[in-house]
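Here are my notes for a first look. Please read them beside the model.

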Amino acid sequence: MHSGTTGSTARRPGRPAVGTLLLVRAGSGSPRGNRLGVLFLLPTLVFLVVLVVYPVAYNVYLSFQDYNYLLGVSRFVGLQHYVHLLHDPVFWRSLGNSLVWTLGGVGGQLLLGLAAALLLDWPGRGMALARTLLLIPYVVPAIATAITWRWMFNDFYGILSFFLAVLGIMPAQTSPFASVELAMPASICVGIWRGFPFAMIVYWAALRGIPDEEYEAARVDGAGSLQEFWNITLPHLKHITLVLMVLRTLWMFNYFDLLYLLTKGGPAGATQHLPILVYITSFGLFRFGEAAATAGLMALTAGLIIVLYVKVHGSKDL
Amino acid sequence: MTSRSMIASTLHRLRLRPRVGLLVLRWIGVVALLVFALFPCYWMLVSSLRPQQELFTVPPRLLPGTLTIEWYEVVLRTTRMPRYFLNSAVISTASMIVSLVIATLGAYSLTRFRYPGQQVLLLSALTSYVLPPVLLLLPLYLTLGMLGLINSYAGVIVTHITFTAPFCLWLLRSFFKTIPLDLEEAAMVDGNGRLGAFVRIVLPLALPGILSTGLFGFILSWNEYLFASVLLTGEARKTVPIGIAEFIVQFDIRWGEVMAASSLATIPVVILFALIQRHFVRGLMAGAIKG
């Protein structure tokens with residue numbers, strides 16, 4: 001559909017830095033130019049201070065308080081919530097669920113996204129249309145996604161439950177969301193459905209960015225398509241894979257809406273991941289201090305995951 | 001003569017067959033992916049158009065028999081859904097506009113000027129996009145409560161900006177990087193000030209990118225559940241996702257109505273996204289993702 005226009009921009013990633021330097025010399029060298037730059041930056045600064053720095057600091061403060069929202073009383077308890085959480089099996093179980101949900105989801109999204117991108121990176125007719133259609137799950141509201149999958153997995157009338165029962169994967173007239181073993185895998189499937197289009201489109205863009213000359217040179221050298229894939233395509237995708245891993249990991253790890261609307265953390269806490277634990281602790285039990293500490297530990301874990309990725313792959317790649 | 005042409009055609013076919021095989025495989029793959037991606041959407045739509053007795057059949061039937069719009073009538077006539085749609089539209093539009101103002105100015109400043117602390121700023125902007133929403137949930141809830149902004153449009157809009165603004169900033173930064181700087185320089189040489197060059201050259205050139213980025217921010221806000229569920233407890237200001245989620249609590253899930261409401265919530269964003277996805281993809285390719 002639009003492959004002509006998007007294709008041409010794909011091969012020109014970004015502008016050369018020389019131009020930037022020129023403009024910086026011409027524009028911001030003068031005090032007036034600089035003033036405009038700072039003026040334009042003001043809304044962003046206000047945003048960062050009011051909606052990022054302040055809430056994060058407030059959350060840290062809250063996590064040191066024993067804050068009963070219903071009674072409206074608050075007292076300083078230091079690290080007590082953190083110590084309590086680290087000894088709380090519910091916290092560790094939620095962390096474990098978070099990791100399973102994240103790893104399963106990210107792995108599935110990247111693999112399916114790469115497969116889809118490879119299938120679409122082809123001048124065949126209808127590929128642009130197929131690409132557009134495949135992007136749709138990415139924007140379906142989480143509530144609609146959750147409800148539809150719950151309906152498809154409905155124990156009596158669900159079409160997927162029916163087919164899974166016919167194939168002998170699941171007993172008849174059951175829903176995976178009611179099973180302690182199957183609720184998480186089924187939820188991860190929905191997470192993959194929802195998120196794979198993003199990985200697909202990023203991989204697709206990366207594939208379009210690989211210079212044709214490299215393939216031609218390989219063909220002259222007599223390389224087969226498998227060798228081409230192994231020696232040219234994959235190395236070119238290494239960097240973008242790392243970036244995707246970091247982005248998708250954070251997205252899945254932080255994502256509350258979909259899993260909560262699918263399962264509410266059940267059955268019996270089998271799908272209760274950290275965001276759901278924070279939500280239940282705060283707006284179910286009104287233990288705001290403990291919830292803030294949980295959210296803090298969750299953010300720390302996310303930071304740790306990033307550090308790990310960067311350590312493994314080298315920081316210059318990011 | 002004939003044998004030679006037969007050999008030639010056999011050779012031809014031998015060379016062709018793997019390609020044809022590959023083509024068939026590729027199409028099978030694409031069709032399988034399309035079924036995986038679109039079947040849930042199809043099922044949502046079909047279920048919303050089925051009369052009661054066809055909704056609950058064992059085994060479920062893939063193709064619809066009779067179609068009805070009775071669920072849509074029920075949703076639009078007897079529930080508060082129309083009001084929730086209005087609320088969602090107001091909140092998403094306002095979030096979009098505020099984020100666009102912040103992000104357009106910020107992204108322009110970050111791509112065209114150099115000042116101390118720029119890397120820190122860029123990093124904080126990226127970090128703010130990946131912060132867990134539940135980390136901001138309590139501080140924002142308590143602060144907005146203190147300001148009397150629970151159950152108000154403004155309160156939810158503020159919370160939605162926490163994720164739409166960084167998203168827009170990041171995408172717009174890459175759009176601005178693709179706008180040729182020589183055009184701006186030429187405008188400035190022609191006697192336009194920096195502001196003039198921004199308003200006359202950069203804004204018009206970036207407008208498609210700015211609009212599509214904003215519309216994507218609109219979609220993010222439209223779909224959001226967490227903040228809205230906590231901040232909007234009164235009937236007057238609830239958004240569509242909250243309304244649909246309550247269908248499930250209130251009744252013993254009336255699937256026809258729920259599917260109709262879900263379809264109504266989904267169709268506008270899918271249409272919007274179909275219109276802007278070209279720019280979205282281009283923004284990603286221009287390096288938004290590389291930062």
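1. Pro59(B) sits in the loop between α2 (52–55) and α3 (70–78) of chain B. The peptide bond joining Val58(B) and Pro59(B) is cis, with omega about -5°. Helices here are DSSP runs (H or I, at least four residues), numbered from the N terminus. This is a predicted model: local features need pLDDT of at least 70, side-chain atom pairs count only at pLDDT 80 or more, and totals for chains, interfaces and linings use all residues. Residues are numbered from 1 along each chain as its sequence is written, while chains are lettered from A and ligands numbered from 1 in the order in which they are written.

2. Chain A has a cis bond from Gly266(A) to Pro267(A), with omega near -5°. Pro267(A) lies in the loop between α12 (257–263) and α13 (274–284) of chain A. Most peptide bonds are trans.

3. Gln173(A) is not a glycine, yet its phi is positive, about 55°. The loop between α8 (159–166) and α9 of chain A holds Gln173(A). Gln173(A) is partly exposed because it has 14 C-beta neighbours inside 10 Å. The cut-offs are 20 or more other C-beta atoms within 10 Å for buried, 12 or fewer for exposed, and in between for partly exposed; C-beta atoms are placed from the backbone.

4. Helix α9 of chain A covers residues 183–208. A kink of about 40° lies at Gly195(A), shortly before Pro197(A). The bend is the angle between axes fitted to the seven residues ending at a residue and the seven starting there. Of the 26 residues of α9(A), 22 are buried, so the helix is largely enclosed by the rest of the structure.

How values were computed
Helix = DSSP H or I, 4+ residues; strand = E, 2+ residues; numbered from the N terminus. Expected span 1.5 Å × (residues − 1).
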